[in-house]
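Biologist: I would like to go through this structure term by term. Please show it first, then I will ask what stands behind each label.

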Amino acid sequence: MTKAVLWTAQDAATATGGKTTGDWTVTGISIDSRKVSKGDLFIALKGPNFDGQKFAQAALDAGAHAVMVSDANGIDDTDKVLLVDDTMVALERLGIAGRERSKAKIVAITGSVGKTGTKEALKYVLSQQGKTHASPASFNNHWGVPITLATLPVDAKFGVFEIGMNHPGEISTLVKMVKPSVALITTVVGAHTEFFKDEAEIAMAKAEIFEGLDSDGTVILNRDNLHYFALARRAKELGLSTIKCFGTDAVSNYRLFEANIVTDGSAVRARVGGQDLEYFIGCPGEHWVLNSLAVLGCVDAIGADLVKASKDLADVTPPAGRGETHTVKLPSGEGTFMLIDDAYNANPTSMMAGIKVLSQTKPGEGGRKIAVLGEMRELGDSATKMHADLYHPLTSLEIDRVYSVGPLMAELDKTLPSERNAGHFETAEDAIEPIKADLRDGDVVLVKGSLGIYVSKIVSALKSCGVVDKSTTATE
């Protein structure tokens, strides 16, 4: 199928304030010359450790229709050059222009945990009702958001944007580009505490998402979160009067009545937008149940079909590395085990959610519940205690064996009862062979940790034994 034209040479030049002599059109945008698709506009960004300018001609050779650069030296196809003063500034301008020409109903999502999973679930249910554009992967930062805006199709009916942050002020800049009609905060917990004084300060940084809303926009908050009242108060200070909430509290607009969590998902009974609904979401875990209410709240706020969306939640699949389950052959080839791949990232709240899902998953006959836990990053002064305290849920939820990975996880190694402690390893690579040697037929293995500790290497090594099948359960 032929891709639709995203930008003409003249439109891109007008949007960015750049200059071009060509008459090209582009159907996509790339900032990595190794991943260029035919028809892309390659944008040569510069960073402390890279200079995209060096790869502009390579991008053209790989099929890019044009390149956005601040220096055309070394480029043979001069008629395919969009020359700008600063490529990052020009990307932001292109994103703003993409938003200005769109009539899509836009939802912006932030939160300490659950952003990407909620974004993907909302993207899926809306895509069943109209053309939907969303942030790919975790394109939620200073370059990811403008790229997502710049690739927003003119005829999209809905848009879903994930907005992340590590420091105060980051969300404010991005959400003013996005200009959503709905702003959702999934929850606020102790993530990124390395860069903030306390959780209250994190909450106010998340509240910057309100700054992109018009006065008639809708705010959706987690009523069960202890920062709910502070967030609602901040929204009102900014002149926003439509504030709705989801959770178990009786006053919630999107209220959970009951959830039955099973291995392959969760059956939910709730009241959403004044309607009593019963639905199934194909992901197990209390966190997914609550986030499904947030999804339906967003559907309600933009006027899409609630009943259809609730039915479509049964087909939702998780983002990669956030709880996909696989049946995998044992290294010996005789027998299988279940692998829960939650290796994308971790903080204390998502770690607890992952451990709960493991505890609720039934092993095969003779199998055990095994947790492979990599350290959690960006926790500041609380890091030592938060790692040591993981022994509480691991013990109370009766996880049979625990492998700990990374320097900070040495604290858990000290506190974990010996009968549950399978060993501590400084690196993911060190843990691979001992884990493989320990596996039995029927085991359930959770692998979770922060991105920088690379427990995803353990997932890859285990999957290399042979994936029998893949299901769609998830944690986040």
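Predicted model: local features only at pLDDT ≥ 70, side-chain atom pairs only at ≥ 80, totals over all residues.

Biologist: What makes E12 and E13 a pair?

Modeller: Pairing takes at least two bridges between two strands. Strand E12 (residues 182-185) and E13 are joined by four bridges, in the parallel sense. So they count as a pair, because four bridges meet the requirement of at least two. Ala-183 stands opposite Val-219 in E13.

Biologist: Which strand does E13 join through five bridges?

Modeller: That is strand E14 (residues 242-247), and the two run parallel. Here Val-219 has Ile-243 of E14 as its bridge partner. Between E13 and E14 the chain passes through helix H8 (residues 228-237), in a right-handed β-α-β crossover.

Biologist: Where does H8 lie, and at what angle to E13?

Modeller: H8 lies across E12, E13 and E14. The angle to E13 is about 170°.

Biologist: Why is E13 called largely enclosed?

Modeller: Strand E13 covers residues 218-222, and five of the five are buried, so the rest of the structure largely encloses it. Buried stands for under 20% relative accessible area. Both faces are covered. Thr-218, Ile-220 and Asn-222 are buried on one side, Val-219 and Leu-221 on the other.

Biologist: What is the strand order of the nine-stranded sheet?

Modeller: The order is E10-E11-E9-E12-E13-E14-E15-E16-E17. This sheet is open, and its pairing is mixed.

Biologist: What makes E10 and E17 edge strands?

Modeller: Strand E10 (132-134) and E17 each pair on one side only. Neighbouring strands in this sheet are turned against each other by 20° on average, direction ignored.

Biologist: Take Gln-275, in strand E17 (residues 275-281). Why is Gln-275 called partly exposed?

Modeller: Its relative accessible area is 33%. Buried means under 20% and exposed means over 50%. The 33% of Gln-275 falls in between, so the residue is partly exposed.

Biologist: Which residues does Gln-275 touch, leaving out those up to four places away in sequence?

Modeller: Gln-275 touches Ala-270, Leu-306 and Val-307. Leu-306 is 31 residues from Gln-275 in sequence. In space, the two are 8.9 Å apart, C-alpha to C-alpha.

Biologist: Now the four-stranded sheet. What is its order?

Modeller: The order is E3-E4-E7-E8, an open sheet with parallel pairing.

Biologist: Which residues of E7 point which way, and are they buried or exposed?

Modeller: Ala-66 and Met-68 point one way, Val-67 and Val-69 the other, and all are buried. Helix H3 (residues 87-100) lies across E3, E4 and E7, at about 120° to E7.

Biologist: Last topic, helix packing. What describes two packed helices?

Modeller: The angle between their axes and the distance between the axes. For helix H15 (residues 428-438) and helix H16 (residues 456-463), the angle is about 35° and the axes are 9 Å apart. Their crossing is right-handed.

Biologist: Which residues make the contact?

Modeller: H15 brings Ala-428, Glu-429, Ala-431, Ile-432, Ile-435 and Lys-436. H16 brings Lys-457, Ile-458, Ala-461 and Leu-462. Seven residues of this contact are nonpolar, three are charged and none is polar.

Notes. Residues numbered from 1 in each chain as written. Heavy atoms only, no water. Axes fitted to C-alpha atoms, helices over the stretch in contact; angles between N-to-C directions. Left-handed = near helix turned anticlockwise from the far one by under 90°. Contact = heavy atoms within 4.5 Å. Nonpolar A, V, L, I, M, F, W, Y, C, P; charged D, E, K, R; others polar. Buried < 20%, exposed > 50% of the residue type's maximum accessible area, 1.4 Å probe, protein only. Right-handed = clockwise from strand over helix to strand, strands pointing away.
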